[in-house]
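Visitor: I would like to learn how to read a few features of this model. Where do we start?

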Amino acid sequence: MWQKLIGKLWRVMPVWGRRTIIKVTQPSFTLSAATVVIDDSGRILLLNHILRPASGWDVPGGFLNRGEQPYEAAEREIFEETGLKVSNLKMFCVKTNNSHVEFWFTGTANGEAQAKSREILEARWFPLSEIPPEMSGGERHLIKQALQIGENPGK
């Protein structure tokens, strides 16, 4: 009985009322996009971020703007941080951590990587064997996973 009554009320309620109830009763999440960018020689683009904990080295990425799609955020962040345009952008992983959702992509780019943002101290291409050792183990794992998927697209 209660379910039917609640259902009827929900259907006749104005959209702003339903949205308000949803916002109050559902958890909020932050969203970000990160990209493992590879060049023609197989090197990985890493950025030394001012705002990243531990070593600072990480793949390009950042928060989504309101109304922005994850792939748009990935392209925008790479361009804003390095001036590079990425191609062959493909999502390979979605990761959640408490109230944060990360969309992980692979992509290709070529050219000189330059720190173009105030958030970035340095942008460099690294061979996989020379990834900074102080970089987070979780990030290293995701980079290796992205490279394996790139080699085996059927997985």
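Guide: Start with a salt bridge, defined as a side-chain nitrogen of Lys or Arg within 4 Å of a carboxyl oxygen of Asp or Glu. Here Asp-39 forms one with Arg-43, the closest N and O atoms being 2.7 Å apart. This is a predicted model, in which local features need pLDDT of at least 70 and side-chain atom pairs count only at pLDDT 80 or more, while totals for chains, interfaces and linings use all residues. Residues are numbered from 1 along each chain as its sequence is written, and side-chain values use heavy atoms, with hydrogens and water left out.

Visitor: Is Asp-39 buried or exposed?

Guide: Buried means under 20% relative accessible area, exposed means over 50%, and partly exposed lies in between (1.4 Å probe, protein chains only). Asp-39 has 7% relative accessibility, so Asp-39 counts as buried. Arg-43, at 32%, is partly exposed.

Visitor: How many salt bridges does the structure hold?

Guide: The structure holds 6. Another of them links Glu-68 to Arg-76, with the closest N and O atoms 2.7 Å apart, and both of these residues are buried. Arg-76 also forms a salt bridge with Glu-77, where the closest N and O atoms are 3.0 Å apart. Glu-77 counts as buried because its relative accessibility is 8%; Arg-76 is buried at 18%. Through shared partners, salt bridges join Glu-68, Arg-76, Glu-77 and Glu-80 into one network.

Visitor: Which strands pair with β2?

Guide: Two strands pair if DSSP finds at least two bridges between them. β2 runs antiparallel to β7 (residues 120–126), joined by 6 bridges, and pairs with β3 (residues 57–58) in the antiparallel sense over 2 bridges. Leu-47 has Ala-123 as its bridge partner in β7 and Asp-58 as its bridge partner in β3.

Visitor: Where does Leu-5 lie?

Guide: Leu-5 lies in helix α1, residues 2–12. Leu-5 is partly exposed, because its relative accessible area is 42%.

Technical notes
Helices (H or I, at least four residues) and strands (E, at least two) are DSSP runs, numbered from the N terminus.
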